[in-house]
Amino acid sequence: MTAPAPLADGERPPAAGALDVERLRASFPILAREVHGHRLVYLDNAASAQRPEVVIDAVNDCYRTYYANAHRGVHALSELSTDAYEAARGKVARFIGAPDSHEVVFTRGTTESLNLVAQSYGRPHLAPGDEVLLTEMEHHSNIVPWQLVCEQTGARVRAAPITDDGELDLEAFAGMLNECTRVVALTHVSNALGTVNDIPAVVELTRAHSDAVVVVDGAQAVPHMTVDVASLGCDFYAFSGHKMYGPGSIGVLWGRRELLAAMPPYHGGGAMITRVTFERSEYAAPPQRFEAGTPAIAPAIGLGVAVEFLESVGLDRIERHEQELLSHTVEVLNDLPWVRVLGQGAEAGSPRAAVVSLVIDGAHPHDVATILDEQGVAIRAGHHCAQPLMERLGVPATVRASFGLYNTHEEVDLLVSSLHEVRRIFG
Amino acid sequence: MSDLRDLYQQVILDHYRAPRNFGALEPVCASAEGYNPLCGDQVKVYLRTDGDVVDAVTFEGVGCAISTASASLMTEAVRGLERPQAEALIASFLKLMTGDGNGAAGVDLGKLEVLSGVKDYPVRIKCATLAWHALRAALEGGDSERVSTE
C-alpha cells in the first residue's frame with residue numbers, strides 16, 4: 001500500500017486495515033470518464049459492476065496470445081486454453097469454499113444457473129401436489145424458472161412473506177414448510193433492499209420440516225461478503241461474474257457433488273457426453289455434463305482473475321468499507337423528510353448489504369434517475385426485476401443506489417446533493 | 001444534452017401534479033392499456049366517441065412525470081376531434097417524439113410542444129408515447145386492447 005494522502009477538511013481518517021479506495025479506483029479505467037460533463041458517480045453496482053484493468057487485460061490476453069477451444073484439441077493452444085479455463089474453475093471453487101472443483105459448473109450467469117437447477121433437479125423431483133417455496137423478496141430470475149417447472153410438473157410455487165422491514169419472516173417461512181416442499185429457493189441478499197438472509201437458519205428449518213433442497217441466489221452476496229458454501233449448508237448456490245467485477249456472460253452454479261451426479265443434463269450438445277450413438281448417448285460426469293457446447297472460455301478465465309482481485313483486496317475489508325458507505329447514506333437520507341428509505345427500519349434485525357432503495361415524495365423514480373444522470377450519478381430506477389416485492393412494499397418502483405468497493409463518501413454526498421436538485425425541480 | 005428545465009417545464013409539472021381527465025370513464029366505448037416492460041409503468045386509456053367525434057378520453061395508471069403529463073395533455077388535445085384528426089394528431093405527436101421532423105404537416109401540436117424536450121432523452125421517449133399508443137389501440141380496436149412499448 002502507498003502512504004495515505006493527507007486528509008482534507010471533514011474527511012474521515014481511514015481505519016486501520018481500511019481500503020485504499022483512491023488507489024483501487026485507479027485500477028478501474030471507466031471510473032475516470034465523465035458523464036454529461038460531470039465525473040461519473042457509479043452507483044448501479046447491483047445491476048452490474050465495473051471491471052478492473054487486470055480482468056480486462058486477462059480477457060484481452062487470452063484472445064491475443066493463447067485462445068483456442070477448450071477440451072477439444074491436442075494442439076498447444078487448446079491445451080493452454082483448457083488449463084486456464086480449468087484453473088479458473090479451481091479459483092472459483094476455492095473462493096466459495098467448495099470442497100471439490102467438480103462441483104463448480106460454469107453457466108452464462110445466475111439466471112441460467114437457476115434455470116439449470118429448476119430443470120435438471122426440479123423437473124425430475126416435482127410432481128402434482130409438490131411445492132417450491134420462495135420468498136416475497138425474490139428477483140424474477142428466482143421466480144419464473146420455478147413457475148416454468150411447476151407448469152411442466154403440476155407442482156406449485158409458494159412465497160414466504162417478508163416483514164415491513166423487508167426481512168424474511170422466518171416463523172412464517174417455517175410454517176410453510178411441509179412434506180410436500182421439494183425445493184426452497186431464496187436469495188442470499190435482496191437485490192432491491194439489500195437484506196441479508198440468514199441462510200444457515202433457513203437451511204436448518206428446511207432440514208427440520210421437509211426433505212427439500214435449498215437453492216440460493218448469491219448474485220448480490222458474492223461481491224460484498226465472504227461466502228462459504230460449506231458453512232452456509234445449502235445445496236445449490238448461483239452467482240454471476242459481471243456483478244463481482246468479472247466479465248459478462250459467465251456465471252456459476254455450485255451444487256453438492258452427489259446431487260449434480262444424479263441430475264440429467266440441462267442442454268445437449270458437444271462436450272457433455274462420453275459416447276454418442278443414434279440409439280443413446282452417455283453423459284459426461286459433472287461439471288462437463290452441464291456445459292454443453294463451447295463454453296465462455298475467456299470470460300471464465302477473466303472471472304478467475306476477478307476472484308483473485310477480490311481476494312487480494314480482501315472481502316472483509318470490502319464489506320467494512322461498504323457498510324460505512326451504507327450507514328453514512330442511510331443516516332443522511334433519514335434526515336430528509338421528503339425521502340423514504342425502504343427496508344432499513346430501526347426495527348430491522350438482519351444485516352444489509354450495500355444497497356439503498358428509496359422513494360421521494362412527489363417525484364417518480366424515473367424522473368429522479370434522469371435528473372441524477374444529468375449530474376453524472378448513475379443509479380437504477382424501476383422495479384428491479386422484483387415486481388412481487390414492489391407490490392408487497394406498496395410502491396410501483398424505487399430509486400436504488402448500490403455500492404461497490406470503489407465508491408467513496410464523497411460520492412454519497414454527491415448522490416445526496418443531486419437528490420436535493422430533484423427536490424428543487426419537483427418540490 | 002438539453003437543460004433539465006427544458007424537459008421539466010412548468011406545464012409538465014403542473015399536469016403531473018394535477019392530471020386532467022384522470023380516472024375511469026362511464027359510459028365508455030373502448031379502452032386500451034399501455035405497458036412499458038422496462039419500468040413496469042402502466043396506463044389505461046378510456047375512449048368515448050359520439051359518431052365520428054371523440055367525445056371524451058380519460059386515463060388512469062401510475063407513471064412518471066413525463067408519462068403522466070403526456071397522457072393528461074393528450075386527453076385535452078384529442079377531445080372534440082373527428083376520428084381522422086385524432087389519428088393525425090397521434091401520428092404527428094409520435095413523429096415529434098422520434099425526432100422525425102416536427103410532426104406531420106398541417107397538424108398543430110399546440111400545447112403538446114412542451115413535450116418536445118423529451119426527444120433529447122432517448123430512454124424517456126417511451127414514457128411520453130405510452131398513452132398515445134394506448135389511445136391509438138383504443139381508436140382502432142375496441143375494448144381490452146393491450147399495447148406494449150417493446
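Colleague: Before we look at the helices, what makes a crossing left-handed or right-handed?

Modeller: A crossing is right-handed if the near helix is turned clockwise from the far one by less than a right angle, and left-handed if anticlockwise. Please keep in mind that this is a predicted model.

Colleague: Which is the crossing of α4(A) and α5(A)?

Modeller: The crossing of α4(A) and α5(A) is right-handed.

Colleague: At what angle do their axes cross?

Modeller: The axes of helix α4 (residues 110-125) and helix α5 (residues 144-153), both of chain A, cross at roughly 25° and come within 9 Å. Angles under 35 degrees count as roughly parallel, so α4(A) is roughly parallel to α5(A).

Colleague: Which residues meet there?

Modeller: From α4(A), A:Leu114, A:Asn115, A:Ala118, A:Gln119, A:Gly122 and A:Arg123 take part. They meet A:Pro145, A:Trp146, A:Leu148, A:Val149, A:Gln152 and A:Thr153 of α5(A). By type, the residues of this contact are six nonpolar, five polar and one charged.

Colleague: Let us turn to the strands. Why is β9(A) described as largely enclosed?

Modeller: Strand β9 of chain A covers residues 236-240, and five of its five residues are buried, so the rest of the structure largely encloses this strand.

Colleague: Which way do its residues point?

Modeller: A:Phe236, A:Ala238 and A:Ser240 point one way, whereas A:Tyr237 and A:Phe239 point the other way. Residues on both sides are buried.

Colleague: Which strands pair with β9(A), and in what sense?

Modeller: Strand β8 (residues 213-217) of chain A pairs with β9(A) in the parallel sense, over three bridges. Within that pairing, A:Val216 stands opposite A:Tyr237. Strand β10 (residues 251-255) of chain A runs antiparallel to β9(A), and five bridges join the two. There, A:Ser240 has A:Gly251 as its bridge partner.

Colleague: Now the two chains. How many residues does each bring to the contact?

Modeller: Chain A brings 13 residues and chain B brings twelve residues. On the side of chain A, helix α12 (residues 365-374) gives the largest share, five residues. That side of chain A divides into four nonpolar, seven polar and two charged residues.

Colleague: And chain B itself: how many helices and strands?

Modeller: Chain B has five helices and four strands. Along the sequence, they follow the pattern α-α-β-β-β-α-α-α-β.

Colleague: What share of chain B is buried?

Modeller: Of the 150 residues in chain B, 47% are buried. As for contacts in chain B between residues at least 6 apart in sequence, 59% join residues at least 24 apart.

Key: Residues numbered from 1 in each chain as written. Chains lettered and ligands numbered in written order. Predicted model: local features only at pLDDT ≥ 70, side-chain atom pairs only at ≥ 80, totals over all residues. Buried ≥ 20, exposed ≤ 12 C-beta atoms within 10 Å, placed from the backbone. Pairing = 2+ DSSP bridges. Contact = placed C-beta atoms within 7 Å. Nonpolar A, V, L, I, M, F, W, Y, C, P; charged D, E, K, R; others polar. Axes fitted to C-alpha atoms, helices over the stretch in contact; angles between N-to-C directions. Parallel < 35°, antiparallel > 145°, perpendicular 65-115°, else oblique.
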